[in-house]
Amino acid sequence: MIDDFDTRLLAWFDLHGRKHLPWQRSPTPYRVWVSEIMLQQTQVSTVIGYFERFMTRFPTINTLAAASEDEVLHLWTGLGYYARGRNLHKTAQRLTREYNAELPQTVAQLIELPGIGRSTAGAIVAIACGGRATILDGNVKRVLARCFGVAGWPGQTRVAAELWQIAATLTPTRRVNDYTQAMMDLGATLCTRSKPNCAACPFSVECVAHQSGQTSLLPGKKPSKKIPVRQTCMLLIENQQGEFLLQKRPSTGLWGGLWSFPEVPLEQLQQTALAASLKSTTAPLVLPFRHTFTHFHLDIRPIHVTYAQFHTLAGLPGLGNVTGPSAVSEPGSSWYDPQAPQTVGLTRPVTRIFQQLAALHKTASIAPHGL
Ligand code: SF4
């Protein structure tokens, strides 16, 4: 262990730490909570704009709790990992019911709430309340694994337990808020994933990884696993006003609560009258692409269906009532104008397809689909 770890880290932080991030202004428990959730799996530079928009619209736990899920997911669109946004919303509602619209101030109470893990709870207590609590996010894991030579993938229980033990031992009783921010900053700005700037690091003399030339080996990588490939066709059904039919997905499961194009399996589509009419389509061709989730790849075939071809979809399994004239008024179905976006959350493939369509309209590229 390095005896004066916190003293050296804080001295480095005073000179080089980040002190002007939006969530560092007035670090209330609510602002720290939202920033910590957004920063999971997402870089600071991306989070800044999302955080500012979120706080402008939902300045308090009460305003967040009172919003619709669609509006919360709308402000989350593009950040990914949407369960984070849904959990924030659910937790805000629970806080208004059980905690007078305030976050509790102990790690034990915080980790009982949806979406708040041990590290996020530690960050809220340490940064916003000044309590002695420990964090272990991705940046801190990297610093500690390298500095103290902890081998193995931090996702393994044994490795995580060892890192938590080291992190807890190092956590000081004074300036714990700055210390916590300093650990995150060291990982994000010096002890980066590739090419860490060890020459500028306050621990370069003791650091096991630096001294033994193992910075590229620590922390250990997740064992790689082949993931399966699935396929789907997304139907881009466009009406005469240039709007597209979107359906709201069930609130649990993949893309829960987000809006997406209707989907059908390719084999079923090939049996329909639509397959024949697509051969002579005049709709712009949107290229197939792959979207990767943590546990599978999804190969997406976008099929652009014009209003004139709309009737050929009737009776296609999986489409429910979207082919009837009442499609617009069906709950969970809506015509969406990409030029005047509604306040709903969109899946990443939908955003990507709308971007492709906008580019195609500019170049007026038209080609047959040929299923
Ligand atoms: S010396 Fe290099 S590898 Fe070690 S903690 Fe510092 S930046 Fe990271």
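Predicted model: local features only at pLDDT ≥ 70, side-chain atom pairs only at ≥ 80, totals over all residues.
**Exercise 1. Decide whether Glu 238 is buried or exposed, and list what Glu 238 touches.**

Solution. 
- Step 1. Locate the residue. Glu 238 lies in the loop between β1 (229-237) and β2 (244-248).
- Step 2. Apply the cut-off. Glu 238 has a relative accessible area of 17%, and buried means under 20%. Glu 238 is therefore buried.
- Step 3. List the contacts, leaving out residues up to four places away in sequence. Glu 238 touches Glu 243, Phe 244, His 304, Val 305, Thr 306, Tyr 307 and Trp 335.
- Step 4. Follow one of these contacts, Trp 335. Leu 245 stands opposite Trp 335 in β7. β2 and β7 pair in the antiparallel sense over four bridges.

**Exercise 2. Work out which residues of β7 point one way and which the other.**

Solution. 
- Step 1. Recall the rule: in a regular strand the side chains alternate between the two faces of the sheet.
- Step 2. Apply it to β7, residues 333-336. Ser 333 and Trp 335 point one way. Ser 334 and Tyr 336 point the other way.
- Step 3. Check burial. All of these β7 residues are buried.

**Exercise 3. Classify His 291 as buried or exposed, and name its contacts.**

Solution. 
- Step 1. His 291 lies in strand β5.
- Step 2. Its relative accessibility is 14%, so His 291 counts as buried.
- Step 3. Again leave out residues up to four places away in sequence. His 291 touches Trp 255, Phe 296, His 297, Leu 298, Ile 300, Arg 348 and Pro 349.

**Exercise 4. Describe the surroundings of the ligand.**

Solution. 
- Step 1. Find the site. The ligand sits in the largest cavity.
- Step 2. Name the shell. Arg 146, Cys 191, Cys 198, Cys 201, Ser 204, Cys 207, His 210 and Thr 215 surround the ligand.
- Step 3. Sort the shell. Its residues divide into four nonpolar, three polar and one charged.

**Exercise 5. Examine the backbone at Gln 41, Lys 195 and Pro 219.**

Solution. 
- Step 1. Check Gln 41. Its phi is near 70°, a positive value in a residue other than glycine. Gln 41 lies in the loop between α2 (29-39) and α3 (44-57). Gln 41 is exposed, with a relative accessible area of 60%.
- Step 2. Check Lys 195. Its phi is positive, about 50°, although Lys 195 is not a glycine. The residue is in the loop between α11 (176-190) and α12. At 79% relative accessible area, Lys 195 is exposed.
- Step 3. Check the proline. The peptide bond from Leu 218 to Pro 219 is cis, with omega near -10°. Pro 219 lies in the loop between α12 (208-211) and β1.

Definitions and conventions: Residues numbered from 1 in each chain as written. Heavy atoms only, no water. Helix = DSSP H or I, 4+ residues; strand = E, 2+ residues; numbered from the N terminus. Buried < 20%, exposed > 50% of the residue type's maximum accessible area, 1.4 Å probe, protein only. Contact = heavy atoms within 4.5 Å. Pairing = 2+ DSSP bridges. Near = heavy atom within 4 Å. 1 Å grid on protein atoms, 1.4 Å probe; cavity = no way out; pocket = protein on both sides within 12 Å on 5 of 7 lines; lining within 4 Å. Sits in = over half its atoms within 2 Å of the grid points. Nonpolar A, V, L, I, M, F, W, Y, C, P; charged D, E, K, R; others polar.
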